[in-house]
Amino acid sequence: MTAKIISGREVAEHILENELSKKVEELKGKNIIPNLVVILVGEMKASASYVAQKEKFAAKAGIKSEVRRFNSEISENEILSEIDKINDDSLIHGVIVQLPLPDHISVAKVLNRIHPSKDVDGFTPNNVGKLFLGEDTLVSCTPKGIMQMLRISGTDLNGKNVTVIGRSNIVGKPVSILCQSENATVTMCHSRTKDLNHKLSDADVIIVAVGVPKFISGDQIPEGAVVIDVGIHNIDGKLCGDVDFDSAKEKASAITPVPGGVGPMTVCALIENTIIAAERINSAWEDSNFWPLASEANALSNWATGAKKDSN
Ligand code: NAP
């Protein structure tokens, strides 16, 4: 069997041009321009290239995007007060902090400071909690992009066995929840899993987010499974995923390539989340003419991190 290639690049282009840009035009008709701010700290080449892709997709969809750049010496407090300013700015609808951050800045503290209504990466405890409870929320971008790819490739998850390898907060855990909400039976694997091959043997869908180049090969994949490769690695100037594409495509019925698979879908989901956030923030304004202040976002963040209530 030679697998059908699920091109994330093509699906993302289609969604951007045919669905998202139409929504943006409608919003512009109401004088709302979805506006995304990306916070970029330091000079990492990979981060700069991810950010450039986000700007490119934003331009394609017709939304506004701005990159706020800071050098790696910036203090944690300065980043937190930048986020407070963004939380209070009614013309900004979405904010993301490009990771990684320098070691002296707490990622949890920074992400938790983002107001949940502007958390277009879907990383705050509030949005993660809603996802867990099956409530409508801003879903984190990579899992959201994976679900869109599965839908568009015609993979019905109802009653299917899904094996997820990797249990990170940004990919493995949320995607397993989303698959369960589509009535799949999910097996979660991680570094302590015993007999991984057995866990893969009856999988209809395999989602690999391990962070190890070519970790899964064709001989571990049951004939006809759908394979979603989340990993991305630069090996001697050549990109590859967590799956050995050449051997896997001979066993899978459908597979995502690297590059051009999950990556573009992740960015597309970010743009969609920004548009959703703009719609919701605007209707909240219309309903109540009320916007929570930074102090309230701080209180929420302190609650989320279990810290003492902030006095300012
Ligand atoms: P992560 O935080 O590094 O977590 C890796 C997970 O893999 C952990 O749960 C770990 O288990 C598990 N693992 C490691 N070695 C294993 C082994 N030998 N057997 C089974 N499980 C093992 O990963 P992540 O942030 O989800 O990222 C995974 C990959 O996806 C990376 O290559 C990353 O660059 C890529 N990524 C791509 C996108 C995109 O848009 N394309 C987005 C996000 C991430 P333990 O929990 O037991 O340690």
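Trainee: At what angle do α6 and α7 pack, and how far apart are their axes?

Mentor: Two packed helices are described by the angle between their axes and by the distance between those axes. In this predicted model, α6 and α7 pack at an angle of about 40°, with their axes 8 Å apart, which makes α6 oblique to α7. The crossing of this pair is right-handed.

Trainee: Which residues of α6 and α7 meet?

Mentor: On the α6 side they are Pro143, Ile146 and Met147, and they meet Pro174, Val175 and Leu178 of α7. By class, the residues of this contact divide into six nonpolar, no polar and no charged.

Trainee: How many of the residues of α7 are buried?

Mentor: Helix α7, residues 172-181, is mostly covered, since seven of its ten residues are buried. Those buried residues are Gly172, Lys173, Pro174, Val175, Ser176, Leu178 and Cys179, and what covers them includes the helices α5 (125-133) and α6 (141-152) together with the strands β5 (161-165), β6 (185-189) and β7 (205-208). Just after α7, Asn183 takes a positive phi of about 70°.

Trainee: How do α1 and α2 pack, by angle and by distance between their axes?

Mentor: The description again uses the angle between the axes and the distance between them. Helix α1 (residues 8-29) and helix α2 (residues 45-61) pack at an angle of about 70°, and their axes lie 8 Å apart, which makes α1 roughly perpendicular to α2. In this contact Leu16, Leu20, Ser21 and Val24 of α1 meet Phe57, Lys60 and Ala61 of α2, and by class the contact has five nonpolar, one polar and one charged residues.

Trainee: Which residues are closest to the ligand, and how many surround it?

Mentor: The ligand is surrounded by 23 residues, and the closest are Gly166, Ser168, His190, Ser191 and Thr266. Helix α10, residues 262-288, gives the largest share of this shell, three residues. When the shell is read by class, it has ten nonpolar, eleven polar and two charged residues.

Trainee: What is the phi of Asp195, and what is the phi of Lys214?

Mentor: Asp195 has a positive phi of about 55° although it is not a glycine, and this residue lies in the loop between β6 and α8 (196-200). Lys214, likewise not a glycine, has a positive phi of about 50°, and its place is in the loop between β7 and β8 (226-229).

Trainee: Is Val226 buried or exposed, and which residues does it touch?

Mentor: Val226 lies in strand β8 and is buried, because 26 other C-beta atoms lie within 10 Å. Not counting residues up to four places away in sequence, Val226 touches Ser153, Thr155, Asp204, Val205, Ala252, Ser253 and Ala254. Val226 and Leu16 are 210 residues apart in sequence, and their C-alpha atoms are 24 Å apart in space.

Trainee: How far apart are Ile92 and Val37, along the chain and between C-alpha atoms?

Mentor: Ile92 and Val37 are 55 residues apart along the chain, while their C-alpha atoms are separated by 7.2 Å. Ile92 is found in the loop between α3 (76-88) and β4, and this residue counts as buried because it has 21 C-beta neighbours inside 10 Å. Leaving aside neighbours within four places in sequence, Ile92 is in contact with Asn35, Val37, Ile86 and Lys118.

Note on methods. Residues numbered from 1 in each chain as written. Predicted model: local features only at pLDDT ≥ 70, side-chain atom pairs only at ≥ 80, totals over all residues. Buried ≥ 20, exposed ≤ 12 C-beta atoms within 10 Å, placed from the backbone. Helix = DSSP H or I, 4+ residues; strand = E, 2+ residues; numbered from the N terminus. Contact = placed C-beta atoms within 7 Å. Near = placed C-beta within 6 Å. Nonpolar A, V, L, I, M, F, W, Y, C, P; charged D, E, K, R; others polar. Axes fitted to C-alpha atoms, helices over the stretch in contact; angles between N-to-C directions. Parallel < 35°, antiparallel > 145°, perpendicular 65-115°, else oblique. Left-handed = near helix turned anticlockwise from the far one by under 90°.
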